[in-house]
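Keep the structure open as you read.

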Amino acid sequence: MFAFIVKRLLAGLLVLGTLVVSIFVLFWYGPRSPVQGLCEQRTNNRCTSEFRAQLEENFGYNNPMLSELGKYVGGIFTGRDIQLGASTFVECSAPCLGLSYRTFVPAFDELIRRLPATISLAVGAAVIILLVGVTSGVLAARRRGTVADKALVSATLLMSSIPYVLFALLIYLYLNVINEVFPEAGYTPLTENPVAWLSGLLLPWLALGLYNSTQYTRFSRGAMIDALSEDYIRTARAKGLSSRTVTFKHGLRSALVPIVTIFGIDFAFLLAGTIFTEIIFGINGIGRWGLEAIQIEDFPVVQTTVLFGAIVVIVANIVVDILYGVLDPRVRIS
Amino acid sequence: MSTDTGVTTSKSASSAAGERLLEVEHLTVKFPTADGLVNAVTDLSYGVARGQTLGIVGESGSGKSVSSMAVLGLHDPRRTRIEGSIRIDGQEVIGLSESRLRKIRGNSAAMIFQDALASLHPFYRVGKQLSEAYGAHHPKASARDGRRKAIEMLDLVGIPQPDRRVDDFPHQFSGGMRQRAMIAMGLINDPSLLIADEPTTALDVTVQAQILDLLGDLQREFDSAIIIITHDLGVIAEMADEVLVMYAGRAVEYGATRELLTHPEMPYTWGLLSSVPDVSADPDARLLPIPGNPPSLLDPPTGCSFHPRCVHVDKVPGDLCSTSTPELTPGGRGPGHLKRCHLADPDRIYATEVLPEIAPDLADGSATPAPSTATPSTTPPTTKEA
């Protein structure tokens with residue numbers, strides 16, 4: 001098991017290394033100067049080629065690409081001081097992922113600052129997705145073919161066919177702006193004020209969680225129907241076990257394997273940034289940060305958010321693989 | 001869900017005069033589907049006494065498993081229409097509530113299934129699955145009691161080192177061990193009725209023989225009634241006291257094993273016997289399979305459901321076979337022998353036409369035009385010693 005995890009981690013590191021290099025190279029040789037956005041921002045869209053050349057000089061774009069890449073990669077491990085002007089240096093400690101072109105704050109520090117908001121949002125939504133989605137899916141599977149089952153499946157299909165942006169906007173408008181049914185959405189750190197944390201996130205959690213739970217309803221329903229048609233379910237019933245034991249202990253346990261598979265990836269995407277939710281409900285998380293960085297061509301921030309997303313996906317995959325072994329003894333590696 | 005017999009459902013009616021442990025009467029099972037009504041079992045009656053073994057034979061889809069699953073009430077009541085009466089030790093099973101059924105299942109009546117790999121839960125240890133079956137009917141038993149009982153049962157069915165193997169997962173067992181574990185699970189609550197649904201399918205022949213021996217030994221020990229569902233006449237010859245032959249959801253012949261295998265009176269039974277390879281015969285001899293395929297239960301043939309495949313239809317006057325369903329009438333082999341066929345003198349046809357084809361050495365000797373009186377000591381034409 002240990003060797004397996006180490007192997008998976010090494011493969012993940014290889015993916016990360018490739019990503020670091022390829023994003024850096026893409027920006028370096030891209031059709032626009034990597035500092036074009038910064039230049040326009042600084043000059044109110046009157047970027048002159050002289051000013052841009054000066055910025056390129058400052059950020060090292062006149063040096064050979066490989067030596068700059070070396071500096072960047074070295075900074076990840078040891079940290080470095082980044083020169084901004086003739087005599088201004090910003091200290092960027094390891095792991096240094098560069099400075100944001102907009103704020104000149106180390107991108108990694110900003111990532112850490114925004115992480116709690118995104119994690120709070122993702123974990124709360126994930127709990128709702130699993131609770132609502134899997135529970136309703138199991139109930140539908142137990143009553144498959146009935147009116148209740150068909151109504152539930154139709155309702156989830158209807159909900160899934162509304163674009164999420166529209167869904168979240170309508171929820172925000174109707175439940176927060178027009179009718180103040182829910183406390184005002186926003187993010188307060190948990191350590192600062194737990195009640196404000198909870199009340200501010202309640203509506204975003206519901207929007208994100210309920211919308212995404214619909215596909216889990218259908219998916220868990222299918223997985224449960226498959227599981228409940230297995231021979232060992234018939235055996236369990238023939239033993240005289242209660243219907244609840246048969247459904248949950250014998251049926252759901254098997255159905256969890258495919259559910260865990262897609263949930264691992266979905267949770268990774270929630271963590272990597274829930275752009276619409278963060279923008280609509282005014283939460284300063286990673287998704288919103290990444291989107292803004294793309295708009296103003298803030299290369300170090302884009303690089304940082306992409307790397308973060310990759311790490312989250314890699315870790316989620318490893319966790320899912322480990323969970324397989326926990327759930328299914330046949331794939332346990334001794 | 002009607003019970004068309006007036007027998008009470010009280011437990012005190014047990015072992016009333018002449019009543020066997022299991023009595024199935026006029027059982028009809030239908031499944032409504034999108035394509036129409038599937039007549040899986042029609043008007044089926046049989047019974048088994050304690051210490052006795054009933055073999056049910058028939059092709060896939062003949063209703064063997066469906067009828068025995070009905071005995072444990074395992075059909076989903078929302079998708080099944082069941083009529084008739086099933087009494088276990090005097091207690092009516094049809095129409096019983098799920099919670100009452102649960103008290104019977106795995107307790108006084110247990111079932112062991114074919115394909116033990118699929119029938120055991122892959123995620124739980126064998127011992128856990130056994131002790132769960134024990135705990136379901138012994139709510140006061142602790143986890144340690146359950147484990148001890150599981151080890152005891154694994155030992156009983158001949159699993160080596162049961163105290164270690166109890167913690168294995170099903171995939172760590174061999175095929176024969178899994179089937180033994182299945183049997184151990186079936187027997188863990190000392191059931192008086194054990195239904196074995198093709199218990200030896202997919203096992204190699206030596207393991208098959210061990211499993212059958214084990215079932216026989218356990219039957220002697222617990223005095224249980226056993227129903228063996230199979231399509232292997234060798235298993236029937238070795239295990240069963242009585243045989244029920246099913247075709248298209250109906251009983252077509254029913255009687256004592258020895259009589260039925262030596263003097264069958266229904267062309268379908270003849271066909272089953274003809275399909276068994278004879279180890280002592282010429283190895284180049286062709287097997288004689290039954291022509292055609294089992295009928296659709298959605299739209300069964302008119303008249304006798306076997307008539308489209310029956311080679312003896314022309315011996316019945318008129319088109320009786322295709323217009324009228326034969327009744328299950330007493331056959332020529334003593335009390336309890338029943339057959340469902342229009343043929344007037346099946347014994348003669350069997351002796352002169354069927355037997356020479358399937359066992360020429362027997363046909364030449366003793367069994368010339370056999371009258372309907374008992375001809376003693378003709379060995380079964382095929383695999384008596386499986």
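## Two strands side by side

In chain B, strand β6(B) runs parallel to strand β7 (residues 193-197), and four bridges join them. Strands pair when DSSP finds at least two bridges between them; strands (E, at least two residues) and helices (H or I, at least four) are DSSP runs, numbered from the N terminus. Across this pair, B:Met111 stands opposite B:Ile195, and B:Ile112 stands opposite B:Ala196.

A quick note on the model: it is predicted, so local features need pLDDT of at least 70 and side-chain atom pairs count only at pLDDT 80 or more, while totals for chains, interfaces and linings use all residues. Residues are numbered from 1 along each chain as its sequence is written, and chains are lettered from A and ligands numbered from 1 in the order in which they are written.

## Which way do the side chains point?

In a regular strand the side chains alternate between the two faces of the sheet. On β6(B), B:Ala109 and B:Met111 point one way, B:Ala110 and B:Ile112 the other, and all are buried (20 or more other C-beta atoms within 10 Å of their own; 12 or fewer would be exposed, in between partly exposed, with C-beta atoms placed from the backbone).

## The whole sheet

Zoom out, and you'll find an open sheet of eight strands with mixed pairing, in the order β6-β7-β8-β3-β9-β10-β12-β11 (chain B). Its edge strands are β6 (109-112) and β11 (329-330) of chain B, each pairing on one side only.

## Meeting chain A

The contact takes 23 residues from chain B and 19 residues from chain A, where contact puts C-beta atoms, placed from the backbone, within 7 Å. On chain B's side, the largest share, four residues, comes from α4(B).

Technical notes: Contact = placed C-beta atoms within 7 Å.
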